[in-house]
Structure formats: C-alpha cells, structure tokens
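Trainee: I would like to learn how to read features from a model. Can we take a few in turn?

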Amino acid sequence: MKNTLDTFLNGLEADDNDNEPISLSKEQLIANAFEAFLRRDEEDIDTVVPDTTGVDFYFVKGFLTPDMIADFAIIEQDFLKNCRGKLQDFNKVGWYGETSYRCNEPKIALYNNIFRLMYNGALSGDDYCVELIKNLYKVYHKKEYNQLKRFSSISLTELRSLSKDSNSEDEYDVAGRLLGMCRIMGIKLDGMCSIMYGVLVKESEDWLANEDELCEYLEFENGLFEKCTEQVDEWFSKQDNETPHMDKQFKKYFETDSFVDACFNHFGYISGYTNICLENYMGLKMQMARTLAVLKTWNPDRDYTFEEVQSMTCIYSLVAGLTDVVDILNYEVGYLVGDEIDEFEYKEAMFNPTNMNVNIRSKKKEEKIRTNIAPIIKEEKIDEATYLDEISKLRKKLQEKEQENKSLREQYKSAKEAADESEVLIKKYENERDELIALREYAYKSRQEDEYASEDKLPEMKAAIAEKEIVIIGGHISWQNKMKKLFPKWLFVHPDDYKTVNSGMLEGREKVFFYTDYINHISYKKFIAIVREKKIPFGYLGRKNVDYVIAQIYEETLE
C-alpha cells in the first residue's frame, strides 16, 4: 500500500506544472488517500468494495447531454417497450437523490428519473439495459468512449487525466460517469481508485445538503400567522361594513385575477385554472392570511395595505398551484415507473381488481341468441306481418324489463353510496376529531410565551424520554441532525426521502410528532393517514429551540 500511495502522491506533484484549474483538488485527493492508507492494509486494498453512492449520483447527474435530451422520447419509449414489466425491480436497486423536482426543470427531473431506472437495470445485469447504456455512451459521449474503450484496467492517475480532459463539464460528473462506465464495460479499477470513490461520496453529500439548504421551507415566526389572520379578519369586517358589493370590496384582487385568467386564456387554458391546480385551497380569506405571512417574513419592516395583499394573493396562489402540480407530477410519474403504492391507499381504495369477472362470450353464442328472438310453431302458418308484430311485442317487454332493472340498480347504487358516504364521514369525523384536538392544543401553546425548562431539569427530562419510541416527521435536516445526536433511538423522517410510506416504519411507536413548519401538504396527508390507521397518539411541534422541544415532548408523553 505504501508504494502505491507514494506513486500516487508523486503523480500529484507532477501536476504542479498543470496550470488549468480543476475541481478535483489535490488536497481532497491527498486527504482521501491518507484516510485509505490508515484504514486498509496493502493486501486488501484491491479487494475492498467502495461505497458507490457518490459515483452513482454523479453518473446519473452528468450523463444526459443536450442532444440526448432532444432524443429522449425515442430512448425512453424503446426502454419502456423492452423493460416495462421490470420497472419495479429496477426501482429498488437504488435512489441517488439526483431527480429532485424542487430545483430542476420538471422535464429534466423526469428524464433523470427514467435514466436512473435504465442505469439500475444495467447494474442489476439486465442484458438490454447494459447494451442501452453502452450505446448511449458511445453515441452521446463519443470522444470519451473512444478514450475509455482502450483500457482493460485503469489507474487513479489515468482516471484523473481523462476527467480533466473535458473543460466544458463539471469534473465530478465526468469522474462519476467514467467510474460507472468502467463497471458496466468490465474495466478493472486500480485499488487507489477507491480514493476517487470517497471524494465523490463526500461531494455528493455536500451537493445534496446544499440543495436542501436552498430549498428550505420559509418558516413563519412564532405567532406571525395568527397576527396575519387577525389582520385579514379585521380588513374583511371593515369591508363588509363599508362596501356592500363584493366586486368593490376586492377590486384589486378581481382585477389581478382577471388578468391571470387572460394569461391562461392566451395559452389556451380555462379561466380559473389556478384554483383547479390548488390542492389545499381553503378560501380567499385563508389565502390572504398566508400571503400576508409570507410578505411579513420576506420583508418584516414593511406595512402592507389591503389592496397590496389582494394583488399579491393572486401571485401566491399561482405559485402554490405550480408547486402542487409539480408535487403531484412527481408522485404520479413515480407510480407509473415503479414506485410502490402505499399500503393504506390499497386499504382505502374502492376498486379491487380481484372482484373483476371478465367473461368474453364467443361470436357463435351471440349469433344464436340473436336469431332465437321469436320461436315459430311449425304447425301454424305465420305470415311475415304476424312474425314482425311478435318481435315488436317481445322487444317492448324486454325494454320495460331493462328499464325496471336499471331503476332498481340505480336505487341500489344510491343506497349503497349513501351508506358508504355515511361510513366514510363517521370515520373521517372520528379521525379528524383527534387531529383537531391536537391542533387546538398546539395553537394554544403557540400563543403562550416561551417557557423553557430550567437547565437543572433538562438532563432529567432527556433521560426520561430518550428510551421512548418517538417518531418526528418533518423538520429541517440540520435541526433533525441536532436531535438525532441527543436521541439516537428515535426515528426521524425527512418527508423528501419518502415518496412512498411503509406503514411498518411506524409499527410499535408510542407517539408521532409532526414538525409543522417543514413538511409539505402531500407528505402530511400520507403520514397522518398511517398514524390514524395505526391509532398512534400524535402531536405537533413548531419551535426550533431544542430545549423547548424536549420540554414539550416530555410534557406530552410523561405528564
């Protein structure tokens, strides 16, 4: 190992004459080299299996080119034609975090998702996918392919040389692509290449953490939303007293909303399309309260007029509609390409494919039924008019019976629907009653002044709740990491990591807490459904202060 390390470090020294700026810095590589040196002995450096998640991340992130994007419809159709039945298996191979819809154009996020399945198929040994990836590499990365195909084995120095050869691309993307193609093309990697694997793991983690920071939910200051709601209520009350006509009360809102509709009409969409797209619309008053809260968080020193908030509410609703559409697209496309459907959705669904009874009658039988309309008695001589009259009478009776049966079926359907709806409403009331009680308690506590537990009591509280089976859903990643260090036995769920929810993850838990300021509406609906089904006690958190959260959880679980 020492000789290999010396050779590698000498190679880095030789790079000092290279004046081109590179993203794979010598410092990073040296740090990873010494880490490898301390961690492994010479005899096993060539047999160690490195963590491939960084390579996989950058392989998918850096594979699509503008030309490949232009041709992707043809590529994905051929892939789906050959592999449609294997998508669920491919989906389970790995998820690398590169398909985020939150900071990518939806089309590119979708393409990355499909390409991930192609890559996963190749990694799992599927013959079609292996040949597809090789072909795409040869066609869309022709120069790089021609360089790499000459190698039967490759060293870290050679790998770095190839990575630096492309000035127009991120070098991490190129390194990930090269290492990924080496696996697929059967090119042997020198043991020191594990250093590059380590660099890419760290860089991918940093990339995703930075993305998480950029996409952090805008949190409202404690009590701000309540103040904004009171302000909007005051405006509405004043308008009701002073202006009887709604079109005059909300002149600015309707004026802006009318222009929004004109824009939708310009692109061939129906008026009011914003409201069609909104998943969580709770009326104009609530939309204005939300808008004012965002405005006061964005620019807390400014006072906003009722007229300004009216116009801004249209913009808020447009953005909310856009993000709802993208969130739904993310989930639905996931289901189409292999994501498993949540268990509770199967239980709640009215459709059950096992109840279908498909019975295709033969053509010969159908013809026989049609010709035996009016049996003819051979002894009687029946003219054509009598025969047609008999057919007419039978058809009339048949129509009457069909109408009678249709009426009975409709009555039965209406009665069943009414019974089903009543059952659903009863169940919904029972479920939401607990939710409303928890929300009421949370809202009450949010209005109180912060009362932190004294420092001498906190260690006792921590110890008392540390062994509890607690789940916290939501919360920013940095906040979750702080809590994980204090309570390693607890389950912390970051909603972006769970497109589908396995009810087993909440099995045997004592209490679930939702962090209200960092969880989207779709994720909340999925998790609250499981919590209701499992009848797990739940509550809400909304403070960043860790000591306050500890005191609240202690109070709600033990006192």
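Mentor: We will go through a helix, the nonpolar cores and a loop residue. Keep in mind that this is a predicted model.

Trainee: Which residues of α8 are buried?

Mentor: An α-helix has 3.6 residues a turn, so residues three or four places apart point the same way. In α8, the buried residues are Cys129, Val130, Leu132, Ile133, Leu136, Tyr137 and Tyr140. Viewed down the axis of α8, they fall within an arc of 165°, so they line one face of the helix.

Trainee: What span should the 14 residues of α8 have?

Mentor: At 1.5 Å a residue, helix α8 (residues 127-140) should span 20 Å. Its end C-alpha atoms are 20 Å apart, which agrees. At the start of α8, a side-chain oxygen of Asp126 comes within 3.2 Å of the backbone nitrogen of Tyr128.

Trainee: Which residues touch the most other members of the largest nonpolar core?

Mentor: In soluble globular proteins, nonpolar side chains tend to be buried together. Here the largest nonpolar core has 58 residues, and Met68, Phe72, Phe79, Phe115, Met118, Leu136 and Leu148 touch the most other members. Another core, of 20 residues, lies apart from it; Ile470, Trp490, Phe513 and Ile553 are among them.

Trainee: What does Phe72 contact, leaving aside its neighbours within four places in sequence?

Mentor: Phe72 is in contact with Leu64, Tyr111, Ile114, Phe115 and Met118.

Trainee: Where does Ser271 lie?

Mentor: Ser271 is in the loop between α15 (251-266) and α16 (273-277). Its relative accessible area is 40%, so Ser271 is partly exposed. Not counting residues up to four places away in sequence, Ser271 touches Asp261 and Asn265. The side chains of Ser271 and Asn265 make a polar contact (3.3 Å).

Definitions and conventions. Residues are numbered from 1 along each chain as its sequence is written. This is a predicted model: local features need pLDDT of at least 70, side-chain atom pairs count only at pLDDT 80 or more; totals for chains, interfaces and linings use all residues. Side-chain values use heavy atoms; hydrogens and water are left out. A nonpolar core is a set of buried Ala, Val, Leu, Ile, Met, Phe, Trp, Tyr and Cys residues joined through side-chain atoms within 4.5 Å. Buried means under 20% relative accessible area, exposed over 50%, partly exposed in between (1.4 Å probe, protein chains only). Contact means heavy atoms within 4.5 Å. Helices (H or I, at least four residues) and strands (E, at least two) are DSSP runs, numbered from the N terminus. A polar contact is a pair of N or O atoms within 3.5 Å; within protein, one must be able to donate a hydrogen and the other to accept it, and residues adjacent in sequence count only if both atoms are side-chain atoms. The expected span of a helix is 1.5 Å times one less than its number of residues. The arc is that of the directions from the helix axis to the C-beta atoms.
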